[in-house]
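Good morning, colleagues. Today I would like to discuss the surroundings of two residues; please have the sequence and the model in view.

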Amino acid sequence: MSFTIHPDSPNKQAILLVEETFRGQEARVRELLPELSDELQLYVYAKDLIPETGTGGYAYSPTVLSLAIDNDFKNKQKQLSALIGTIYHESYHLVQGHTGNDTHATYTSALDSAIYEGGATVFERTYAGVIPLWGDYSMHTEQELRQWGEALSRISINKWSENQDGVWQRWSFYDTEDSQRWKAYKVGTWVVERCLRETGKDIRDLRLMPASDIRV
């Protein structure tokens, strides 16, 4: 097992928190995700943070995991729990190949990206024991989720990945038109959970599957 903290990470306190937390979770994460690279680089940064948790994350490439920390976040216990969840979530993406660079996952539309996010969300909830806000779709009807899914299926993956007209930003984080947050994540989580119920699979069984095979 091996990982390194990127030397250009600016904040010593954040680096220490990430290093200690990852070291405490690494064996378990690797047991659950055996395809995870033997040599990981962890980048620590402080932007694109989730206000409710003081954390953030990004699967940059199959060997690079970026984790964001807000040092001024008051509830440190809540932040630590969220950081652990983020480590599980983003590690799942690394195995999926759903990464910003050197992407190995396959896509036919924006819905596939949403499904990969749903898989990582269910994984962090199941194995890190956290309750991700972006995976809670209980306030939405099945008709609403289905309509969102159909809309995502009509968005080309090029338009999505290039964030043309801010489409990725609106669907992933906040849509000013309907004041909804995390629509893509919620749809993806809904699809993944339906798949798990109907197939009896564990979320780990989906980690190497293309999103097109996860739809039910």
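I begin with Gln96, which lies in helix α2, residues 76–96; helices are DSSP runs of H or I of at least four residues, strands are runs of E of at least two, and both are numbered from the N terminus. This is a predicted model, in which local features need pLDDT of at least 70 and side-chain atom pairs count only at pLDDT 80 or more, while totals for chains, interfaces and linings use all residues. Residues are numbered from 1 along each chain as its sequence is written, and side-chain values use heavy atoms, with hydrogens and water left out.

Is Gln96 buried or exposed? Gln96 is buried, because its relative accessible area is 10%; the cut-offs are under 20% for buried, over 50% for exposed and partly exposed in between, with a 1.4 Å probe and protein chains only.

Which partners does Gln96 have? Its side chain forms a polar contact of 2.7 Å with the side chain of His93, and it also reaches the backbone oxygen of Tyr116 at 3.2 Å. A polar contact is a pair of N or O atoms within 3.5 Å; within protein, one must be able to donate a hydrogen and the other to accept it, and residues adjacent in sequence count only if both atoms are side-chain atoms. Beyond four places in sequence, Gln96 touches Ala105, Tyr116 and Arg207, where contact means heavy atoms within 4.5 Å.

I turn now to Tyr174, in strand β5, residues 174–175. Tyr174 counts as partly exposed because its relative accessibility is 40%. Its side chain makes a polar contact with that of Ser179, at 3.5 Å.
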